[in-house]
Amino acid sequence: GGRDRKYKRILLKLSGEQLMGDEGFGIDPKVLDKMALEIGQLVGIGVQVGLVIGGGNLFRGAALNEAGLDRVTGDHMGMLATVMNALAMRDALERCNIQSTVMSAIPMHGVTDQYDRRKAIRLLENGEVVIFSAGTGNPFFTTDSAACLRGIEVEAELVLKATKVDGVYTADPVKDPSATRYSRLSYDTVLQEKLGVMDLTAICLCQDHSMPVRVFKMSKPGALLSIIVGEDEGTLIVG
Ligand code: UDP
């Protein structure tokens, strides 16, 4: 039928800020519950979902560095923040009866599993949501890069980047009402025009490994599901 799923395995990247709701900091469990339900819809139609969540609602290395902390220490704090977000998301998923496992790039025995690619693939094949936390495990990277890296590693068919806007625009649509949405962009255009969709490391990685990225608005009801059934939602970045 027309609403069959187009993708079997995806990697969804949520920013930390998307977990904080109306507050300026922290985690809003109500927002998490809503997201868990949307993710559950995908699992329900047989989509294998890998998740990467940022940490910007709690700590960012660059911001801590500006405030006087050592950059690498700040990045370690940022990565630990992503683990906290991942634990909160697992909690929300399990409250919706969606099986999930948190893996961390930084070993955290007793709190999360350690990242293991083959184990992650097995869990995904069993219909569990796998949350990849602690980014890449390295300072000077972002969770966008981590999302693309994990997506490529576990052979996801698509990286989905959730943003506040429903795709990439020619200008900031809030400031410029004449701005139009790109339905499709090439990696080269994103890099050349410095469109700021994702950091350049992440885009380069996707380009090198032909991993398509779709930028979309998570808070738009049904957006996630329509992407999965192959509708033209947000902006697709491809070769
Ligand atoms: N971070 C890092 N290495 C990684 C991923 C993240 O050092 O591989 C740190 C970095 O300090 C970053 C913070 O974790 O600022 C939170 O991640 P990010 O800023 O990507 O979160 P988001 O903006 O998506 O909420």
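Student: Is P139 buried, exposed or partly exposed?

Tutor: P139 is partly exposed, because 16 other C-beta atoms lie within 10 Å. Buried takes 20 or more other C-beta atoms within 10 Å of the residue's own, exposed takes 12 or fewer, and partly exposed is in between, with C-beta atoms placed from the backbone. Keep in mind that this is a predicted model: local features need pLDDT of at least 70, side-chain atom pairs count only at pLDDT 80 or more, and totals for chains, interfaces and linings use all residues. Residues are numbered from 1 along each chain as its sequence is written.

Student: Where does P139 sit, and what does it touch?

Tutor: P139 is in the loop between β5 and α5. Leaving aside neighbours within four places in sequence, P139 contacts G61, R71, V72, D75 and H76. Contact means C-beta atoms, placed from the backbone, within 7 Å. Helices (H or I, at least four residues) and strands (E, at least two) are DSSP runs, numbered from the N terminus.

Student: And G137, where is that and how many C-beta atoms are around it?

Tutor: G137 also lies in the loop between β5 and α5. It is partly exposed, with 15 other C-beta atoms within 10 Å. Not counting residues up to four places away in sequence, G137 touches A105 and I106.

Student: What other residues does UniProt list as "binding site"?

Tutor: The unreviewed entry also lists K13, L14, S15, G16, G56, R60, T163, Y169 and D172. These span 160 residues in sequence and the farthest two C-alpha atoms are 25.7 Å apart, so they do not all gather at one spot.

Student: Take T163 and Y169. Which strands are they in?

Tutor: T163 is in β6, residues 158–163. Y169 is in β7, residues 168–169. T163 is buried, with 21 other C-beta atoms within 10 Å. Y169 counts as partly exposed, with 16 C-beta neighbours inside 10 Å.

Student: What do they contact?

Tutor: Leaving aside neighbours within four places in sequence, T163 contacts V215 and K217. With residues up to four places away not counted, Y169 touches A179, T180 and R181.

Student: Switching to the ligand. How many residues surround it?

Tutor: 24 residues surround the ligand, and the closest are G54, G56, G61, G78 and G135. A residue is near a molecule if its C-beta atom, placed from the backbone, lies within 6 Å of it.

Student: Which helices supply that shell?

Tutor: α2 (61–66), α3 (71–95) and α5 (143–153) each supply at least two residues. α3 gives the most, with six residues.

Student: Now α1. What end-to-end span should it have?

Tutor: Helix α1 has 16 residues, 29–44, and at 1.5 Å a residue should span 22 Å; its end C-alpha atoms are 22 Å apart, which agrees. The expected span is 1.5 Å times one less than the number of residues.

Student: Which α1 residues are buried?

Tutor: L32, M35, A36, I39 and L42. Seen down the axis of α1, they fall within an arc of 110°, so they line one face of the helix. The arc is that of the directions from the helix axis to the C-beta atoms.

Student: Why would that spacing put residues on one side?

Tutor: An α-helix has 3.6 residues a turn, so residues three or four places apart point the same way.

Student: What covers that face, and what is on the other side?

Tutor: The cover over the buried residues includes β2 (48–53), α3, β5 (129–133) and α8 (223–228). On the other side of α1, K30 and G44 are exposed. Just after α1, G46 takes a positive phi of about 85°.

Methods: Two residues are in contact if their C-beta atoms, placed from the backbone, lie within 7 Å. UniProt positions are given in the numbering used here, feature names are shortened, and annotations may be inferred rather than shown by experiment.
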